Amino acid sequence: MKDDMQNIEELMKILQEKKLTEILFETSDIKITIKADPVQENKKIDNKSKKENKKTEKKIDDSHKDIISEHVGRYKFIKSDGTPIIAKGQEIKEGEELGNVIAVGVALPVIAKFSGKIEDIYVEDGDPVDYGKPLIKVKIS
C-alpha cells in the first residue's frame, strides 16, 4: 500500500507538472487513472492573472506566506469529534501537522514548513484541493 501511495503521489505530480489532462498507471495488481479537472485548470489561469494584477497594484508583503497543498484530494482540518486542528489566530510551529489531504482513502498530512500565526484559512473543511493550491495564510513570526 505504501508503494501504491508513492506511485499515486508521483502520478499526481507528473500530471500537474506536465499539465496533462489524464494519466494511467497499470500493473498486474492495480490500475490507476487520474484525470485533471479542465474547469479547475481554467480557474487557475484566471486566478494567476488576477494575482499578477494585484501584485502590480500593491506592494508585496513579505511578512506573510501561504501553506500550500502538496497533494490532490480533500483537505480536512476538523477531527471526527468536531474539534478543529487549526483556527484563525492560532500560533503554529514548523513541523506541526495542520490537517490532512485525503486522497484515495489515505490521509496525507499537511505539515507547516515555517512558524507563524494563522491569518486566514482559504478552504472549507472537506473542500477538494489540487497540488500547489494555497490552503492557509500565515503571518511569519
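Is K76 buried, partly exposed or exposed? K76 counts as partly exposed, at 33% relative accessibility. The model is predicted.

1. **K76 and D125.** K76 has a charged partner: D125 forms a salt bridge with K76. The closest N and O atoms are 3.2 Å apart. K76 sits in strand β4, while D125 lies in the loop between β8 and β9 (128-129), so the pair ties together parts that are 49 residues apart in sequence. D125 is partly exposed too, with a relative accessible area of 23%. That value is not under 20%, so D125 does not count as buried.

2. **Salt bridges overall.** The count comes to three salt bridges. The K76 pair is one of them. The other two follow.

3. **K113 and E70.** The side chains of K113 and E70 meet in a salt bridge, at 2.8 Å from N to O. Both residues are in loops. K113 is in the loop between β7 (106-111) and β8 (116-121). E70 is in the loop between β3 (64-68) and β4 (73-76). The pair links distant parts of the chain, 43 residues apart. K113 has a relative accessible area of 53%, which is over 50%, so K113 counts as exposed. E70, at 36%, is partly exposed.

4. **D120 and K88.** D120 forms a salt bridge with K88. Here the closest N and O atoms are 3.5 Å apart. D120 belongs to strand β8, and K88 to the loop between β4 and β5 (91-92). K88 is exposed, with a relative accessible area of 57%. D120 is partly exposed, at 24%.

5. **The sheet around β4.** Strand β4, which holds K76, is part of an open sheet of four strands. The order is β7-β6-β4-β9, and the pairing is antiparallel. β7 and β9 stand at the edges. Each has a single partner strand, so one side of each is left without a neighbour in the sheet.

6. **The β4-β9 contact.** How many bridges join β4 and β9? The two strands pair over two bridges, in the antiparallel sense. R74 has its bridge partner in β9, namely P128. Strands of a sheet pair through backbone hydrogen bonds.

Methods. Residues numbered from 1 in each chain as written. Predicted model: local features only at pLDDT ≥ 70, side-chain atom pairs only at ≥ 80, totals over all residues. Heavy atoms only, no water. Salt bridge = Lys/Arg side-chain N within 4 Å of Asp/Glu carboxyl O. Buried < 20%, exposed > 50% of the residue type's maximum accessible area, 1.4 Å probe, protein only. Pairing = 2+ DSSP bridges.
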